[in-house]
Amino acid sequence: MTANPPDVTPDIPAHTGSRASRILGVAALAAIVLATLYGLVWSPADVEMGDSVRLMYVHVPTAVFCYVGCFITTLASGMWLWKRTPGWDVLAGAGAELGLVFVLLALATGSLWGRPTWGTYWTWDARLTSTALLAVLLVGYLALRRLDLDPTVRSARVPVLGLLLVPNVVIVSRSVEWWRSLHQRATVTTLDPQIDGDLLVALMTGFLAVGLAFAWLLLHRFRVGWLEYQAQRIDLDEAVAARRAEAARRTGASAAAPAATSPEPAEAVGS
Amino acid sequence: MSAATLAMTHAGYVAAGWGATFLLVGGYAVSLVLRGRKLSRQVPPEDRRWS
């Protein structure tokens, strides 16, 4: 028989899953299967772009959900500055990590889409460059969170950088309007989308799949962050208790030391 | 279709894009589950509010 670790209650599973996250996970998997069928099988090839249009079904949703991750980080950073409750700080970190995963996917799929469409994997276009800068900013934000800073300094600097993410997202989003760009303008955010039929359905299915996957990942990343926070708190409590015990032991030893080393008055007189 | 032919067509780019997406999202999901299991053993159940 294998013994349970001493700090785990046997009837409570040690993981970040719950009934809600399992339902969400099943829904996400079903949506991913549906999106894959729509994107790779049922959707027709585009008249101009051919089969490369199938990259749009992953590129556009991952780019949009990268923005969502940044919005979550900025919102949670603001709430952390206001409320100072650890949950907001954990949520800010979770949003940024997901934002980085999805911005990297958007850059990779966009690059692969650009090669057959524009003839190049990369160009220093306004949209591409600003997206790359957003990725760098997210890496910097996550690196700053990991630095072993004084808590006062950390709590002042990290959320301020988090607040800067949404202005960058606005720059990325509007870059195709503000500067001349190879990248196409928005086609689905208007009330009259410039894409129709099966392609639009496939794209919407892609949004559903990526959105549900994003929600599942965010839920688990938040719980992992919460566990990291709790583990650090427990370590800190144990370190403080150890220091107090050490201080008490030394105080006791120093109080006992004069009595043990100094001679008894009677002995001193008698000798 | 050979790998070289696939790489020359749009299908190669499509496969690479979708494959990268599945790999990165799947790998990240697995890493989150593993990190969660490891950390859960260090934290008492009353601090795991979802349990």
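Helix 4 of chain A and helix 6 of chain A are roughly antiparallel to each other, a word used here for angles over 145 degrees, with under 35 counting as roughly parallel, 65 to 115 as roughly perpendicular and the rest as oblique. This is a predicted model, in which local features need pLDDT of at least 70 and side-chain atom pairs count only at pLDDT 80 or more, while totals for chains, interfaces and linings use all residues. Residues are numbered from 1 along each chain as its sequence is written, and chains are lettered from A and ligands numbered from 1 in the order in which they are written.

Let me stay with that first pair. The axes of helix 4 and helix 6 of chain A come within 8 Å and cross at roughly 165°. Axes here are lines fitted to C-alpha atoms, for helices over the stretch in contact, with angles running from 0 to 180 degrees between N-to-C directions. The crossing of helix 4 and helix 6 of chain A is left-handed, that is, the near helix is turned anticlockwise from the far one by less than a right angle, clockwise being right-handed.

Which residues in helix 4 of chain A meet helix 6 of chain A? From helix 4 they are A126(A), R127(A), S130(A), T131(A), L133(A), L134(A) and L137(A). Their counterparts in helix 6 are L165(A), N168(A), V169(A), I171(A), V172(A), S175(A) and V176(A). Contact means that the C-beta atoms of two residues, placed from the backbone, lie within 7 Å. By class, this contact of helix 4 with helix 6 has nine nonpolar, four polar and one charged residues. Nonpolar covers Ala, Val, Leu, Ile, Met, Phe, Trp, Tyr, Cys and Pro, charged covers Asp, Glu, Lys and Arg, and the others, Gly among them, are polar.

Next, helix 4 on its own. Helix 4 of chain A spans residues 126–146, which is 21 residues, and reaches 30 Å from its first C-alpha to its last. That is close to the 30 Å expected at 1.5 Å a residue, the expected span being 1.5 Å times one less than the number of residues. Its buried residues are R127(A), L128(A), S130(A), T131(A), L134(A), L137(A), L138(A) and Y141(A). Buried means 20 or more other C-beta atoms within 10 Å of a residue's own, exposed means 12 or fewer, and partly exposed lies in between, with C-beta atoms placed from the backbone. The buried residues of helix 4 pack against helix 3, helix 5 (151–163) and helix 6 of chain A.

Helix 6 has another partner to report. The axes of helix 2 (residues 56–83) and helix 6 (residues 165–178) of chain A come within 8 Å and cross at roughly 155°. That makes helix 2 of chain A roughly antiparallel to helix 6 of chain A. The crossing of helix 2 and helix 6 is left-handed. On the helix 2 side, Y67(A), C70(A), F71(A), T73(A) and T74(A) meet L165(A), V166(A), V169(A) and S173(A) of helix 6. The contact of helix 2 with helix 6 has six nonpolar, three polar and no charged residues.

Now the chain as a whole. Chain A comes to eight helices and zero strands, where helices (H or I, at least four residues) and strands (E, at least two) are DSSP runs, numbered from the N terminus. Buried residues make up 35% of the 271 residues in chain A. Among contacts in chain A with a separation of 6 or more, 77% are between residues 24 or more positions apart.

G211(A) is in helix 7 of chain A and counts as partly exposed, with 16 C-beta neighbours inside 10 Å. From G211(A) to A31(A) there are 180 residues in sequence and 9.4 Å in space, C-alpha to C-alpha. M204(A), also found in helix 7 of chain A, is partly exposed, with 16 other C-beta atoms within 10 Å. M204(A) and A35(A) are 169 residues apart in sequence and 8.6 Å apart in space, C-alpha to C-alpha.

One loop residue deserves a mention. R84(A) sits in the loop between helix 2 and helix 3 of chain A, and its phi is near 60°, a positive value in a residue other than glycine. Most residues other than glycine have a negative phi. R84(A) counts as exposed because it has 10 C-beta neighbours inside 10 Å.

Last, chain B. Chain B has two helices and zero strands, and 29% of its 51 residues count as buried. How many residues does each chain give to the contact? Chain A gives 37 residues and chain B gives 28 residues. On the side of chain A that touches chain B, the elements giving two or more residues are helix 2, helix 3 (86–118) and helix 7 (197–261). Helix 7 of chain A gives the most, with eleven residues. That side of chain A divides into 20 nonpolar, ten polar and seven charged residues.
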